[in-house]
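Subject: Structure handover

Hi,

Here is the structure you asked for. Please open it alongside this email, and read my notes below as you go.

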Amino acid sequence: MFRRIGNAVVRHPVWTIVAWLIAAVAIVATAPSLPSNSDESSFLPKSYESIKAADLQERAFPSAFTPSAIALYQRTDGGKLTAEDKKDVTRITRELGDKKIDQVQKVVPGQPSEDGRYTLTLVQMDSKKAGQPEQADAAKVLRDDVKQLAKGTDLDVKLGGSAAQALDQQDSSKRGEALIGIGTFVIILVTLLIIFRAPILAFLPLITIGLVSAIANGLIAYATKLFGLQANSSISSILIVVLFGVGTDYFLFLMFRYRERLRLGDEPKQAMVNAVDRVGEAIASAAGAVIIAFLALVLSTLGFLKQMGPALAIAVTVTLIAGLTLIPAAVSLIGPKVFWPSKSWQREPENARFAALGRGVQNRPALTAALSGLVLIALSLGTLGYKATFDLASGSMPDTKESMVVQDQMQKAYSAGAAAPTDVYLSSTDGSPLDKSAFASYASKLGAVDGVASARMSQVNKAGTTADFTVTLKYEASTDKAIETVGRVRDVAHADAPDGTEALVGGMSSIFKDIDTAVNHDYKTVFPVAAALIMLILGLLLRSVVAPWYLIGSVGLGFGATLGATVWIFQEGQDHSGLMFMLPVIMYLFVVAIGTDYNILMIARLREEAREGRTPREAAGMAVRHAGPTVAAAGFILAATFATMMLAGNALLTEMGFAVSFGIAVAAFVMAMFFTPSLTALIGHAAWWPGHADRAKEPRTAPVAVSGGDRDSDSDSDSDSDSNVHDPAGRRM
């Protein structure tokens with residue numbers, strides 16, 4: 001199949017490129033814009049208690065006041081507010097309401113702080129638009145207007161709240177995307193220039209992947225709209241890295257093999273056909289593992305991850321198709337001039353370092369496996385200290401953003417939980433009015449819960465069938481202590497609800513509690529499903545039942561090592577309260593899927609070497625020697641590309657960038673380079689049971705003659721694949 005694809009695109013390179021350009025123009029011109037939602041509650045299914053509580057609130061208290069934006073006032077000299085300052089705040093609040101800003105429903109004064117140094121203006125917006133771009137736009141107008149109205153006074157005013165956080169998150173995301181895009185471009189360009197010393201080859205993948213990116217983003221927007229998926233601004237940053245990182249990997253696999261075929265004397269166009277033929281299965285298998293791992297996210301209960309899975313799967317699918325069609329077409333048009341001005345492509349490199357590493361694996365496989373395994377196990381111990389944090393807003397932007405400053409100041413000036421109180425909704429089960437005489441006792445029981453600052457009955461609906469009890473926690477809504485407290489509040493609210501009533505607990509801490517439950521569900525569902533499907537791909541590719549088990553086991557160790565190192569660096573080293581809650585899921589998928597890619601490259605090359613009659617140890621040594629350069633180059637570029645996410649300046653992308661880049665480095669330079677080949681050498685022929693994929697068709701008793709087109713190679717390593725030339729002793733040169 002892959003030879004037919006190669007023949008088709010090489011015979012019609014211009015038409016192939018034109019088809020891609022037409023597709024890009026058509027998709028980009030007609031695709032809807034990718035929506036963005038920063039409202040954490042929208043990520044949960046309606047079956048969770050916090051969402052049921054929110055729905056009940058809308059029915060029972062449609063006019064309930066829930067601030068979407070909060071203006072926080074203090075004197076410029078930091079002193080207590082004077083009577084004149086309070087008059088200015090009252091005027092600003094009134095004039096702000098008179099402006100009739102889009103999305104703004106009500107503007108009311110808030111409570112002053114106990115120390116008299118702060119006061120508030122509370123702004124209510126349409127709850128149905130929470131987290132949507134319209135409210136971020138409204139927050140921008142509010143922020144500008146409130147600062148303008150405070151001019152000429154002694155007041156310093158800042159705008160916070162969920163709408164302002166959405167605005168700051170949006171701005172931070174745009175800045176982060178720009179930095180990530182520039183960093184990715186520079187890293188790929190410089191690395192490819194060092195590897196090939198050819199400017200055309202350095203720029204070609206950036207140009208082609210840029211085209212692929214436009215198509216992938218359009219298709220993702222279509223899918224998001226068609227299936228009603230949730231989106232988050234962080235997805236765009238992740239997409240940039242996935243497209244350029246994975247796309248460059250596939251480009252390297254193909255170009256190393258193309259260069260090898262030219263060295264063997266193939267005519268340029270035939271060299272590309274042979275390259276696609278030989279590298280196609282391995283690239284497709286590697287991409288298939290990544291796509292399946294991403295698609296496993298559709299089993300997630302969180303809307304954010306459920307949308308991310310198909311989005312990234314679409315991106316990798318388009319990249320795979322481009323790797324087998326667009327890039328071969330472009331390179332076949334240019335021919336060997338693609339390597340200009342370098343001449344090094346014409347001769348076989350020595351690969352002395354990788355030859356030495358290969359000899360080490362060949363001569364001491366048990367020691368190599370033990371040492372590399374111990375490194376992975378030691379790093380994995382850090383997972384024992386893992387804690388999650390659920391504040392997606394603060395995790396998606398720097399602490400210096402205005403809304404984050406407001407959040408921090410409010411926690412110090414008011415009760416930490418005052419900015420996002422918990423609501424307990426007590427409803428009659430038979431539709432009859434509630435017994436109000438039980439309210440005081442019920443509120444008292446809620447207020448007695450460990451971690452609760454206060455609890456009071458705040459309102460009853462018109463029919464008298466639902467009462468709202470406002471519970472203020474002692475802790476900020478997204479902290480572990482707040483989530484633990486709201487769990488205790490739920491227990492008391494349910495157990496002590498008067499006869500004939502039922503209770504639902506809502507608010508941000510309740511939402512975070514449910515997100516925690518949902519993530520734990522995803523760990524038990526997504527992880528094993530993704531692992532099982534990747535093992536199936538490995539089994540089909542390698543025609544083995546044994547190899548997939550230790551390959552996926554080694555990748556699992558790599559995941560543990562990555563999470564452990566991330567915990568030590570960010571929780572212990574930088575004193576973070578925890579890692580972003582979705583990080584282990586994303587890390588698992590990237591590290592497992594892409595880590596499997598490099599294992600596929602190495603194990604397929606090892607099989608190729610074994611088929612030539614080498615012993616398992618010899619095959620492992622030769623595989624490291626010849627697949628090593630490709631694994632090293634691809635691993636370095638992909639790890640460095642993901643590391644650019646650390647430039648975004650927020651906790652979520654910084655943690656994600658470090659974790660995934662570290663995981664890829666472990667996958668390339670520990671697992672694929674040492675652990676996997678040494679284990680395979682130790683297991684020997686049994687690794688390929690029940691098949692005999694590693695058995696030579698005939699003994700290696702004489703020099704092996706290799707023609708340009710009849711070498712059987714499923715390997716994509718193709719590292720530099722400096723391969724198919726043999727000296728009289730039967731060894732590769």
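First, a term for what follows: buried means under 20% relative accessible area, exposed means over 50%, and partly exposed lies in between (1.4 Å probe, protein chains only). This is a predicted model, so local features need pLDDT of at least 70, side-chain atom pairs count only at pLDDT 80 or more, and totals for chains, interfaces and linings use all residues. Residues are numbered from 1 along each chain as its sequence is written, and side-chain values use heavy atoms, with hydrogens and water left out.

Salt bridges

The rule here is a side-chain nitrogen of Lys or Arg within 4 Å of a carboxyl oxygen of Asp or Glu. The count comes to 18 salt bridges by this rule. Helices are DSSP runs of H or I with at least four residues, strands are runs of E with at least two, and both are numbered from the N terminus.

Start with E402 and K147. They form a salt bridge, with the closest N and O atoms 3.3 Å apart. E402 lies in helix α15 (residues 402-413) and K147 in helix α5, so the pair ties together parts that are 255 residues apart in sequence. Are the two partners buried or exposed? E402 counts as buried, at 18% relative accessibility. K147 is partly exposed, with a relative accessible area of 31%.

Salt bridges with shared partners also join R75, D77, D85 and D154 into one network.

Next, D168 and R143. Their side chains meet in a salt bridge at 2.8 Å, N to O. This pair links distant parts of the chain: D168 is in helix α6 (residues 162-196), R143 is in helix α5 (residues 133-149), and they are 25 residues apart. Both D168 and R143 are buried.

Then D277 and R3. Their side chains form a salt bridge at 3.1 Å, N to O. D277 sits in helix α9 (residues 268-295) and R3 in helix α1 (residues 2-11), so distant parts of the chain, 274 residues apart, are linked. D277 is partly exposed, with a relative accessible area of 26%. R3 is partly exposed as well, with a relative accessible area of 26%.

Nonpolar cores

A nonpolar core is a set of buried Ala, Val, Leu, Ile, Met, Phe, Trp, Tyr and Cys residues joined through side-chain atoms within 4.5 Å. The largest has 165 residues. Which residues have the most contacts inside it? They are Y258, F590, Y598 and F642. Helix α20 (residues 583-611) gives the largest share of this core, 18 residues. A second, separate core of 26 residues includes A136, A163, A166 and L167.

Contact means heavy atoms within 4.5 Å. Not counting residues up to four places away in sequence, Y598 touches D249, V631, A634, G635, L638, I664, A667, A668 and A672.

Surface patch

V14, W15, V18, I22, I200, L333, I334 and W340 form a nonpolar patch on the surface. Together they have about 800 Å² of accessible area, from the Shrake-Rupley method with a 1.4 Å probe, where for residues only the protein chains shown count as cover. Patch residues have over 30% relative accessible area and no salt bridge; like charges are joined within 9 Å, and nonpolar side chains (Val, Leu, Ile, Met, Phe, Trp, Tyr) within 5 Å.

The elements giving two or more residues to the patch are α2 (13-30) and α11 (326-334). α2 provides the largest share, four residues. I334 is in helix α11 and is partly exposed, with a relative accessible area of 32%.

V318 is in helix α10 (residues 303-324). V318 counts as buried, at 7% relative accessibility. Leaving out residues up to four places away in sequence, V318 touches W20, V212, I215, A216 and L219. V318 and S213 are 105 residues apart in sequence, yet 8.6 Å apart in space, C-alpha to C-alpha.

T465 is in the loop between β7 (452-460) and β8 (466-473). T465 is buried, with a relative accessible area of 16%. Beyond its neighbours within four places in sequence, T465 contacts L426, S427, S428, G431, S432, P433 and L434.

Helix α19 (residues 547-573) has 27 residues. Of these 27, 19 are buried, so α19 is largely enclosed by the rest of the structure. After α19 comes D575, whose phi is positive, near 60°.

Best wishes

Notes: The expected span of a helix is 1.5 Å times one less than its number of residues.
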